[in-house]
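The sequence and the model come first.

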Amino acid sequence: MAENARGKLVVVSGPSGVGKSTLLARVLRQTEVPLVMSVSATTRPPRPGERDGVDYHFLSKEAFAALRGRGEFLECFEVFGKGDWYGTLNSEVTPGLDQGKWIVLEIDVNGAAVVQARYPEAITIFIHPGSVEELERRLRGRGTEEESVVARRLARARDELASAGQYRHQVINDDLDRAVGEVCDILKRYADAAQRD
Ligand code: 5GP
């Protein structure tokens, strides 16, 4: 890649419970591309083991609304319709792109549509479960959510799967090693193309 080349945006979506975070953690370790995760802001409470500033910027509803009012978000949405907000801060994206980094946004399909409109050249990847039954098993297996939350996430998963067609790349996560390899290959193709330009 040319020196001082602008970085790229990589948008990854897929239903809750499909294993995006595990997959991306592996991609980050394996890829030759200078990938950095954007840390989203959210008003939902941290799950056990999640760290502020690493997994998310955990914010109060008031703090989130204040940032939103100041136009600090590239995109933000109330993701599950229960009053919790999620959003990508411009400060997570613009400085990294200017430094030539490839910034990964792990966001929902609504957020992805906004990012695609703003950055039509974004690399968009949708992660599919092996099957809806497997997804349900994983969502229940997590064991940290109430039944009503699981039910809402399943309904939402079906909606998200219906939007998969708006993504340039489709990856099925029924085998983690293979899925990680596929995402790394997709990124490498863009890196090779950028080097040729
Ligand atoms: P979770 O609460 O399980 O961490 O995430 C729930 C959903 O929120 C996931 O589908 C995830 O992709 C989405 N999400 C996480 N961060 C953002 C964000 O910054 N913007 C949008 N639009 N969705 C997000």
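The shell around the ligand takes at least three residues from each of domain 1 (1-38 + 100-197) and domain 2 (39-92); the domain bounds come from an automatic or database domain assignment. This is a predicted model, in which local features need pLDDT of at least 70 and side-chain atom pairs count only at pLDDT 80 or more, while totals for chains, interfaces and linings use all residues. Residues are numbered from 1 along each chain as its sequence is written, and side-chain values use heavy atoms, with hydrogens and water left out.

In total, 16 residues surround the ligand, each with a heavy atom within 4 Å of it. The closest are Ser40, Arg44, Tyr56, Tyr86 and Asp108. By class, 5 of the shell residues are nonpolar, 4 polar and 7 charged. Strand S6 (residues 85-89) contributes the most to the shell, with 3 residues; strands are DSSP runs (E) of at least two residues, numbered from the N terminus.

| Residue | Protein atom | Distance |
|---|---|---|
| Ser40 | side-chain N or O | 2.7 Å |
| Tyr56 | polar side-chain atom | 2.5 Å |
| Gly87 | backbone N or O | 3.1 Å |

Of the 520 Å² of accessible area that the ligand has on its own, the protein covers 95% (Shrake-Rupley method, 1.4 Å probe).

How values were computed:
Polar contact = N/O pair within 3.5 Å; in protein donor to acceptor, adjacent residues only side chain to side chain. Helix = DSSP H or I, 4+ residues; strand = E, 2+ residues; numbered from the N terminus. Nonpolar A, V, L, I, M, F, W, Y, C, P; charged D, E, K, R; others polar.
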